[in-house]
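The model is predicted.

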Amino acid sequence: MTEFIRFGLSGLVFYLLGLVALAFVARRARGGDTPADHFLASRGLGGFVLFLTLYATAYSGNSLLGYPGEAYRRGFSWIMATGFMLSIVVVFHALVPRLRPIAVRHRFVTPGDWVRHRFHGESGARVLLFGVSVLMTIALANFLFAQLKAMGELSAEVTGGVISYEMGIVLLAGMILFYETLGGMRAVAWTDAAQGILMMVGLAALAAWLLGESRGLAAMSEQILAARPEIGRVPDTVERTNWLSSIVLMGLASVVYPQAIQRIYAARDGNALKRSLAFMSFMPLATTLVVTLIGLAAIPRFVGLGEVAADRVMPLLLGQWASTGSAYAVAAVLVFLGALAAIMSTADSCLLSLGSSLAEDLFGRPRDAVSTTVFAKRAAGAVMIGMAAIAMVARDITLWGLIELKMELLIQCVPAFLLAIRWRGLRATPSWIGLVLGSAIAIAGTVAGVKRIEGVHVGIIGLACNLAVASLGSLTLGWPGVTARNGGESR
Amino acid sequence: MRRAGSTATPPGRVALKTGVSAPRLRRILLAFVGVLYALSIPWYRGGGETAGSWLGLPDWVAVALLCYTGAALLNAIAWLLTEIPDDERSERDSR
């Protein structure tokens, strides 16, 4: 057993014990078992914890394993990832300042609460809510699957197979279920905060080592270009169109992430929220750019990795780094724990959102009942077990492929949020017809193996059709009646 | 729990210093962010051209990186200028 594996196992044990302790503290701090307490920590997340939980949730196994893998495959053009991760915080400007006050006033818990409120009294509102909830559930389950796969890969790689891929999934999924069930959003946010710090420190250490080893950025670029000269050339039109399409896809779809929307609800106040989002603006530079450099640095070090194996460049680099000495082995373990933390924090947020959406939006459980929390925990547990089982048998899927599929479906919910919050005239029936059409286009493209047309994601093409149907249909139908428009409230 | 009196800071301070209202300044900053995004993609170069080196990176990569750094900074300032009311009296409910 190498030093890295020994330190890795010890670090893993300490890390997991730390999570257990945090979960118990969060359990003691809870204000009850209502959905608002369990899923939103009683809407009391302050700026610092909110920032770290947003950060740890946004940067996941996809970012830590998938993005270096994609940078390895595509080369320098993957700088686009820094842009599209930033676009999420930019597009939030269109949603957060308007959604937050409405959410506070009407005590929203799930993303579906917005749809229910906005289209209340309209024919077609229930179908729209169902459609949005189904897409969000699929996206969350997909996201959860990607995290479980990443957990298994990382545990197996770093422990040298002492913990197998399958065992890693079972162990870590069990741990998430434990602390999420015990402490709800409070436990998730607190563990996210610890995980976010670990991730930042770990990535900074690895980037510093890589740049030091390569004798600076310029020398590193030369080594990369010597191994694959073609990736330094200016991207062609299709690649540039794909760059733009990726920014639009990620920017719009990430804004309707259920777990991100729930964090908007869970903020203590508007100040905490805006400060957190201001800090979040810099995180693509501190994280996505760093993991892109890590993927690029792997090009001259690991020549000829296959399509799926490219997702392993991060663990491979960690192993190489650890072999250079005891101090480096400890630092590599820190990065390993940081990556694992990123993955687990995203998985726990998915699980929490999944439970609440399933209970309230799909199965119509009452918003304020304790029984809803119990139902949500059970439903989330069942989905977790199902996804873990699938992750064990479906290992040969690239992480970036999973992200694209998820985003292409999730982006079809954009009209029901971004357009609905800014345009009073948007109606429920054309919105759900547009949503179904857009989703059908995205799914048909995926099934037919056509992910992009001339660089444009099929999900974007689906969204364009979706938006056309929703807006033209709404204009044709005209404005809703007074009762429907006011949601049945006297204002 | 919401703290009493913890509503969003009125961004009027900025308006006093710059002579431009905070909402307008925010919109201007976001427009610049849009421009930086447009510039970040190397439309200005022919596809497949060999790139020179700048700041230790292929030049089009360095340009994209500088654009994203600028966009991050402007976007952060725009967020600090954003008013997110928790008070329903100042709510800008689109409905």
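The largest nonpolar core holds 201 residues. Helix H16 (residues 326-362) of chain A gives this core its largest share, 21 residues.

**Nonpolar core**
- The members that touch the most other members of the core are A:Leu128, A:Leu144, A:Leu148, A:Ile294, A:Ala332, A:Phe336 and A:Ile343.
- Setting aside residues up to four places away in sequence, A:Phe336 touches A:Gly8, A:Leu154, A:Val158 and A:Leu318.

**A:Ala81**
- A:Ala81 lies in helix H5 (residues 80-91) of chain A.
- A:Ala81 has 28 other C-beta atoms within 10 Å, and is therefore buried; the cut-off for a buried residue is 20 or more.
- Beyond its neighbours within four places in sequence, A:Ala81 is in contact with A:Tyr67, A:Thr288 and A:Thr292.
- A:Asp348 is 267 residues from A:Ala81 along the chain, and the C-alpha atoms of the two are separated by 24 Å.

**Helices H5(A) and H11(A)**
- H5(A) and helix H11 (residues 237-255) of chain A cross at roughly 35 degrees, and their axes come within 8 Å.
- This crossing of H5(A) and H11(A) is right-handed.
- From H5(A), the contact uses A:Met80, A:Gly83, A:Phe84, A:Met85, A:Ser87, A:Ile88, A:Val90 and A:Val91.
- From H11(A), the contact uses A:Trp243, A:Ser246, A:Ile247, A:Met250, A:Gly251, A:Leu252, A:Ser254 and A:Val255.
- By class, the residues of the contact of H5(A) with H11(A) are 11 nonpolar, five polar and no charged.

**Helices H9(A) and H17(A)**
- Helix H9 (residues 165-213) of chain A packs against helix H17 (residues 370-393) of chain A at an angle of about 170 degrees, with the axes 10 Å apart.
- Angles over 145 degrees count as roughly antiparallel, so H9(A) and H17(A) are roughly antiparallel to each other.
- H9(A) contributes A:Glu166, A:Ile169, A:Val170, A:Ala173, A:Leu177 and A:Thr181 to the contact, and H17(A) contributes A:Lys377, A:Gly381, A:Met384, A:Ala388, A:Ala391 and A:Met392.
- The residues of the contact of H9(A) with H17(A) comprise eight nonpolar, two polar and two charged.

**Contact between chains A and B**
- Chain A gives 50 residues to the contact and chain B gives 49 residues.
- On the side of chain B that touches chain A, helix H2 (22-40), strand S2 (57-58) and helix H3 (59-80) of chain B each supply at least two residues.
- H3(B) has the largest share of that side of chain B, with 13 residues.
- The side of chain B that touches chain A divides by class into 24 nonpolar, 14 polar and 11 charged residues.

Technical notes
Residues are numbered from 1 along each chain as its sequence is written. Chains are lettered from A and ligands numbered from 1 in the order in which they are written. This is a predicted model: local features need pLDDT of at least 70, side-chain atom pairs count only at pLDDT 80 or more; totals for chains, interfaces and linings use all residues. Axes are lines fitted to C-alpha atoms, for helices over the stretch in contact, and angles run from 0 to 180 degrees between N-to-C directions. Helices (H or I, at least four residues) and strands (E, at least two) are DSSP runs, numbered from the N terminus. Angles under 35 degrees count as roughly parallel, over 145 as roughly antiparallel, 65 to 115 as roughly perpendicular and the rest as oblique. Two residues are in contact if their C-beta atoms, placed from the backbone, lie within 7 Å. Ala, Val, Leu, Ile, Met, Phe, Trp, Tyr, Cys and Pro count as nonpolar, Asp, Glu, Lys and Arg as charged, and the others, Gly among them, as polar. A residue is buried if 20 or more other C-beta atoms lie within 10 Å of its own, exposed if 12 or fewer, and partly exposed in between; C-beta atoms are placed from the backbone. A nonpolar core is a set of buried Ala, Val, Leu, Ile, Met, Phe, Trp, Tyr and Cys residues joined through C-beta atoms within 7 Å. A crossing is left-handed if the near helix is turned anticlockwise from the far one by less than a right angle, and right-handed if clockwise.
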